[in-house]
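Let's take a friendly walk through a protein model together. Keep the picture beside you and find each part as we come to it.

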Amino acid sequence: MSNMIAKAFENKKAFIPFITCGDPDLETTAKIVRAAVENGADLIELGIPFSDPTAEGPVIQGANIRALSGGVTTDKVFSLVKELRTDVTVPMVFMTYANVVFSYGAEKFISICRDIGINGLILPDLPYEEKDEFLPICKKYGVALISLIAPTSENRIAMIAKEAEGFIYLVSSLGVTGMRTEINTDLKSIVDVIRQNTVIPCAIGFGISTPEQAKKMADLSDGAIVGSAIIRIIEQYGKDAPQYVGEYVKKMKEAIS
C-alpha cells in the first residue's frame with residue numbers, strides 16, 4: 001500500500017494539499033478533494049478534526065472547530081474516504097492526532113484505513129520514541145506511518161530517515177502551521193542528511209502559500225505540502241470553495257513542475 005505513496009513522487013515533484021474533513025461540510029470536502037486531484041494534486045492529506053490540535057495555527061484550528069461543530073466524526077470521515085475511492089486514485093493519507101487513533105482503538109482504526117484505501121498516517125504529536133505504539137499495527141495492515149522531521153531534530157534526522165516509510169514530512173520552520181512570509185531554516189543541509197540515509201521521498205510543509213515558495217521548496221526536496229493557504233480559501237468561499245481550491249492547486253502544481 002505504501003508503494004502507492006511512491007507513485008505520487010515518480011519522475012515529478014509532488015504537490016500535496018492538506019484538507020480538513022468536514023469544513024464547511026463533508027459534501028464540500030469531497031468536491032474539494034476531486035477539484036484538487038483534477039488540477040494536479042499528487043497526494044492528498046486529509047485531516048480528521050480533533051478538538052485540541054496542538055501543531056496547528058489559528059487557520060487550521062478554525063477549520064477543526066467548524067468541522068466538529070458541524071457534527072463530523074471519525075466514522076463519517078471513513079465513509080467520505082470510501083466514497084472518494086470510487087473514483088479518486090491518487091494516494092491519500094490521514095493527518096490526525098495520536099489521541100484520535102488511540103481512543104477509536106488503534107487496531108480497528110488502522111485496519112479500516114487499509115479497507116477504505118488510506119495509504120498512510122501522519123500523527124504530528126507522536127514522538128519518534130513512542131512510534132512503536134502504532135508501527136507494528138501499521139505494518140500489519142500495510143499503512144505507512146509517516147515520519148515528521150523538524151529543524152530541531154538535528155542529531156535524530158539520520159535515525160528518523162533510516163526508518164522512515166511512505167514519505168518524510170519535513171517541517172520547514174518551528175512553531176505552529178500557518179502562512180510564513182519567509183522560511184529561513186537551512187533546509188538544504190537537512191535534506192542532504194535525509195538523502196544520505198534513505199531513498200524515501202521527502203516533502204516540505206508548514207508556511208508555504210505562494211507559487212514562488214512552493215517552487216523553492218520543491219527544488220530543495222521532492223515536493224511541497226500546503227495546508228493553511230488552502231484552508232483560508234475554504235474559509236472564505238465555503239460551499240463555493242471547490243472551484244477556487246482547484247484554481248489554486250493548478251497554479252501551485254504548475255510552479256513546481
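Phe109 is buried, with a relative accessible area of 0%. Keep in mind that this is a predicted model. Phe94 is buried too, and its relative accessible area is 0%. A search of the whole structure finds nine aromatic pairs, and Phe94 and Phe109 form one that is tilted, with 6.0 Å from centre to centre and 55° between the planes. Because Phe94 lies in strand E3 and Phe109 in helix H6 (residues 106-116), their pair ties together parts that are 15 residues apart in sequence. Ring pairs also link Phe78, Phe94, Tyr104 and Phe109 into a cluster.

Now look for another ring pair. The centres of the Tyr169 and Phe206 rings are 6.1 Å apart and their planes stand at 90°, so this pair is edge-to-face. Tyr169 belongs to strand E7 and Phe206 to the loop between E8 and H10, so the pair ties together parts 37 residues apart in sequence. Both Tyr169 and Phe206 are buried.

You will find Thr96 in the loop between strand E3 (92-95) and helix H5 (98-104). Is Thr96 buried or exposed? At 1% relative accessibility, Thr96 counts as buried. Leaving aside neighbours within four places in sequence, Thr96 is in contact with several residues, including Ile48, Phe109 and Asp125. A polar atom of the Thr96 side chain lies 3.2 Å from the backbone oxygen of Ile48.

Next, step back to the strands. Strands of a sheet pair through backbone hydrogen bonds, either parallel or antiparallel. Here, nine strands make an open sheet with parallel pairing, in the order E5-E4-E3-E2-E1-E9-E8-E7-E6. Strand E5 (144-146) and strand E6 (148-149) stand at the edges with a single partner strand each, so one side of each has no neighbour in the sheet. E6 pairs with strand E7 (residues 168-171) over two bridges, and Ile149 stands opposite Leu170 in E7.

Finally, turn to the helices. Helix H11 (residues 228-237) lies across strand E1 (14-20) and strand E9 (223-226), and runs at about 45° to E1. Which residues of helix H10 (residues 211-220) are buried? They are Gln213, Ala214, Met217 and Ala218. Seen down the axis of H10, these buried residues fall within an arc of 125°, so they line one face of the helix. On the other side of H10, Glu212 and Lys216 are exposed. The buried residues of H10 pack against helix H9 (187-197), strand E8 (202-205), E9 and helix H12 (241-256).

Definitions and conventions. Residues numbered from 1 in each chain as written. Predicted model: local features only at pLDDT ≥ 70, side-chain atom pairs only at ≥ 80, totals over all residues. Heavy atoms only, no water. Pairing = 2+ DSSP bridges. Helix = DSSP H or I, 4+ residues; strand = E, 2+ residues; numbered from the N terminus. Contact = heavy atoms within 4.5 Å. Axes fitted to C-alpha atoms, helices over the stretch in contact; angles between N-to-C directions. Buried < 20%, exposed > 50% of the residue type's maximum accessible area, 1.4 Å probe, protein only. Arc of directions from axis to C-beta. Polar contact = N/O pair within 3.5 Å; in protein donor to acceptor, adjacent residues only side chain to side chain. Phe/Tyr/Trp six-rings, centres within 6.5 Å; stacked < 30°, edge-to-face > 60°.
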